[in-house]
Amino acid sequence: MRSLITAIILVLFFKCQLNGQETLSNDHPFKPGFSYIGDVVTNFSGGIKKGMRYLGLLNLKIGIKTEGLGLWRGGMLFINASNAHGGDPSADLIGDFHIVSNIETANITYLHELWYKQRLGSFEFNFGLQDLNTEFISTEFGSLFINSTFGTPSTIANNIPSPIFPLTALGASFKVEFAGDNSLKLALFDGLPTSFTDNPHNLRWEIKKKEGIFAITEFESSGDIRGLEGTCRGGIYYHSQLPETGNDLSVPGRFSYNYGIYIIADQTILENSDGEGVLGIFGQLAVSPAKINLHHIYFGTGMSLTGVIPRRQKDVAGIAFNRTWMSDPQTGNESVVEMSYRAEISNFLFLQPDFQYVMNPGGAGHNLRNAFTGLIRAGLIF
């Protein structure tokens, strides 16, 4: 706790010093950032057992622009160090497959990202320790929701060692923009990053041929329907091979190849008089081979509404649904309904009550009663 308080004080001091400089501009070389998210998760009924858990995630970030240092244009170095702590509500209380909180993991202090990005006109490349969600698979209107699979579809997150929270991987990604708001992206990652058991701070990186590679490509297109903006992403991913992983249950079993496809769409339905989106919907669909994977189809959809309460124009409310299809009929399928409301208390503080109803929790590998879970998330972001 003492180290957490010290980190907060240092970041706030650094931020205030930069903001106090009269010469500060968008071209300033250093851009520090700080965020802390805390979840209180209560399982009211069903699942494994009733109970409450607290979990938190701290991120300290800094971006360094090459142009601001008097060097070349278009370059940026980014560092993100994290600390995750607290309980494991899905593992201990709910037994679900999807994981109700997207910050649930082990108690670790580690390096989450360390990459360099260079932009050259309409072309951009990035190499280093990367999080796949930074450029791929994301959904704008689905970002409100706390259930982990609304971030990365579970056919990717659960079937292969993908570079997402908490364990990222070394990789290189490329992006080219063309024909207005269209882009094509490609990334190659280490196929099996060293686990936290042998690499507790994610500072030990090894790329071995026998562990294969993870490749993904995504086409993104933005446009409008009757003047309302929308975005569609479609992608293909492939993992060349995964060797025997022993007793590490956090890593999927051995396979000689694995692959899948996905499509994600966001569409604004209503706008206010200022042209800002008020009502938006999203959809996710991901498919992988049933004969290779226990979990082979994922579907998610939902809607979010901004400014639902008068005089609280930045608050966002939403409802979402997802379903997982399992290839093993004895395991059964899991579905989740989530309702959430994010209240912006200030420019740097928010509170988010959230409720999730998990039907046929599948993470425990045996029959469990439907679980009703409530969360209170608090976020501090600078």
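Predicted model: local features only at pLDDT ≥ 70, side-chain atom pairs only at ≥ 80, totals over all residues.
Residues are numbered from 1 along each chain as its sequence is written, and side-chain values use heavy atoms, with hydrogens and water left out.

First, the strands around β1. When I say helix or strand, I mean a DSSP run, H or I with at least four residues for helices and E with at least two for strands, numbered from the N terminus. Strands count as paired if DSSP finds at least two bridges between them. Strand β1 covers residues 30-47, and β2 covers residues 51-65; they run antiparallel and are joined by 14 bridges. The two form a hairpin, with three residues between them. β1 also runs antiparallel to strand β16, residues 369-381, through 11 bridges. One of the residues to look at there is Y36, whose bridge partner in β16 is L380.

How much of β1 is buried? Of its 18 residues, 13 are buried, so the strand is mostly covered; buried here means under 20% relative accessible area, exposed means over 50%, and partly exposed is in between, with a 1.4 Å probe and protein chains only.

S101 sits in the loop between α2 (89-94) and β4. Its relative accessibility is 1%, so S101 counts as buried. Which residues does S101 contact, leaving aside neighbours within four places in sequence? They are D39, L55, I146, L375 and R377, where contact means heavy atoms within 4.5 Å.

Next, charges. Side chains of opposite charge can pair when their charged atoms come close. The salt-bridge criterion is a side-chain nitrogen of Lys or Arg within 4 Å of a carboxyl oxygen of Asp or Glu. A search of the whole structure finds 17 of them.

Take K117. Its side chain meets that of E124 in a salt bridge, at 3.9 Å from N to O. Both of these residues, E124 and K117, are buried, and for K117 the relative accessibility is 18%. K117 also forms a salt bridge with E135, with the closest N and O atoms 3.8 Å apart. K117 lies in strand β4 (residues 108-120) and E135 in the loop between β5 (123-130) and α3 (154-157), so this pair ties together parts 18 residues apart in sequence. There is a network of salt bridges here, linking K117, R119, E124, E135, K175 and E177.

Elsewhere, E220 and K185 meet in a salt bridge, at 3.1 Å from N to O. E220 belongs to strand β8 (residues 213-225) and K185 to strand β7 (residues 182-190), so the pair ties together parts that are 35 residues apart in sequence. Both ends are covered: E220 is buried at 14% relative accessible area, and K185 is buried at 2%.

On to the rings. A pair of aromatic rings is described by the distance of the centres and the angle of the planes. Rings of Phe, Tyr and Trp (for Trp, its six-membered ring) pair if their centres lie within 6.5 Å; planes under 30 degrees apart are stacked, over 60 edge-to-face, and the rest tilted. The whole structure gives 16 aromatic pairs.

How do the rings of F145 and F282 sit? Their centres are 5.9 Å apart and their planes are at 40 degrees, so the pair is tilted. F145 is in the loop between β5 and α3, while F282 is in strand β11 (residues 277-287), so parts 137 residues apart in sequence are tied together. F145 is buried at 3% relative accessibility, and F282 is buried at 3%.

F282 has another partner in F150: the centres are 5.9 Å apart and the planes at 90 degrees, so that pair is edge-to-face. F150 is in the loop between β5 and α3, and the pair links parts of the chain 132 residues apart. F150 is buried, with a relative accessible area of 1%. Separately, Y116, F123, F125 and F127 form one aromatic cluster.

Last, charges over rings. The criterion is NZ of Lys or CZ of Arg within 6 Å of the ring centre and within 35 degrees of the ring normal. The charged end of R323 sits over the ring of W325, 5.3 Å from its centre. R342 lies over the face of F350, 3.8 Å from the ring centre.
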